[in-house]
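Reader: I am new to reading protein models. Could you walk me through this one, a question at a time?

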Amino acid sequence: MDTLYRARARAHIGDLPPELMPQWAALALTRGYDSPTLRELAGAHDDPPTLRDLLTTALDELGVPRLSDHQALWVMAHTHARATVAGLMSPEEGAELLWHIARDLGYLDQLGIFVNEATDWEYAWELDPEESRQHILQAAQTLLATMTTETLDQEVDPDRLPVYWYEVDELPTTE
């Protein structure tokens with residue numbers, strides 16, 4: 001996932017504070033991204049709603065697709081897995097963050113290992129710390145190997161299911 005996808009996801013779920021949005025925009029400009037609104041955001045000192053609107057517009061101008069809640073959480077799962085593998089956070093911290101994302105996503109199988117390992121750390125059940133760290137790192141590497149911006153749209157998204165219970169021809173009766 002590139003920087004722009006992560007920014008869209010972080011802003012979507014409220015993990016990119018508005019006061020940091022101008023700094024993020026300035027950094028994006030130094031990395032070669034450019035749009036009129038991105039430049040405006042880099043120098044902005046506005047109220048939080050205006051900063052959020054500027055970020056949304058800048059990302060739209062840069063062609064970053066809008067994300068559903070579900071997609072934004074998957075992008076953040078990828079981000080935390082990447083940071084864990086890169087050593088930017090401990091395996092325990094990564095598992096904890098991924099546990100919370102798994103909860104928000106409905107405890108999907110792909111994130112189950114993080115839930116298991118994080119609960120072991122959380123509740124201090126008998127565990128071999130080094131073995132647990134290795135399990136977490138292996139699971140994070142697997143997640144990174146299987147998840148890209150192309151596969152993001154293949155994840156089942158309950159926000160975008162084609163048929164809802166009230167659209168079926170035969171509704172259950174209460175008789």
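Reader: What share of the residues in the chain is buried?
Author: First, a word on the source: this is a predicted model, in which local features need pLDDT of at least 70, side-chain atom pairs count only at pLDDT 80 or more, and totals for chains, interfaces and linings use all residues. Residues are numbered from 1 along each chain as its sequence is written, and side-chain values use heavy atoms, with hydrogens and water left out. Buried means under 20% relative accessible area, exposed over 50%, and partly exposed in between, with a 1.4 Å probe and protein chains only. Of the 175 residues in the chain, the buried share is 38%.

Reader: How many helices and how many strands are there in the chain?
Author: Both are DSSP runs numbered from the N terminus: helices are H or I with at least four residues, strands are E with at least two. Read along the sequence, the pattern is α-α-α-α-α-α-α-α-α. The count is nine helices and zero strands.

Reader: Which residues is Leu143 in contact with, leaving aside its neighbours within four places in sequence?
Author: Contact means heavy atoms within 4.5 Å. Leu143 belongs to the largest nonpolar core. Its partners beyond those neighbours are Trp74, Ala77, Ala81, Leu111 and Phe114.

Reader: Is Ser35 buried or exposed?
Author: Ser35 sits in the loop between helix H2 (21–30) and helix H3 (36–42). Setting aside neighbours within four places in sequence, Ser35 is in contact with Ala58, Glu61 and Leu62. Because its relative accessible area is 4%, Ser35 counts as buried.

Reader: Which side chain makes a polar contact with the side chain of Ser35?
Author: A polar contact is a pair of N or O atoms within 3.5 Å; within protein, one must be able to donate a hydrogen and the other to accept it, and residues adjacent in sequence count only if both atoms are side-chain atoms. Here the pair is 2.7 Å apart, and the partner is Glu61.

Reader: How far apart in space are Arg82 and Leu144, C-alpha to C-alpha?
Author: Arg82 is in helix H5 and is partly exposed, because its relative accessibility is 41%. Not counting residues up to four places away in sequence, Arg82 touches Arg6 and Leu144. Arg82 and Leu144 are 62 residues apart in sequence, yet their C-alpha distance is 6.8 Å.

Reader: Which residues in H1 are buried?
Author: Helix H1 spans 3–13 and is followed by Gly14, whose phi is positive, near 85°. The buried residues in H1 are Thr3, Leu4, Tyr5, Arg6, Ala7, Arg8 and Ala9.

Note on methods. Core = buried A, V, L, I, M, F, W, Y, C linked by side-chain atoms within 4.5 Å.
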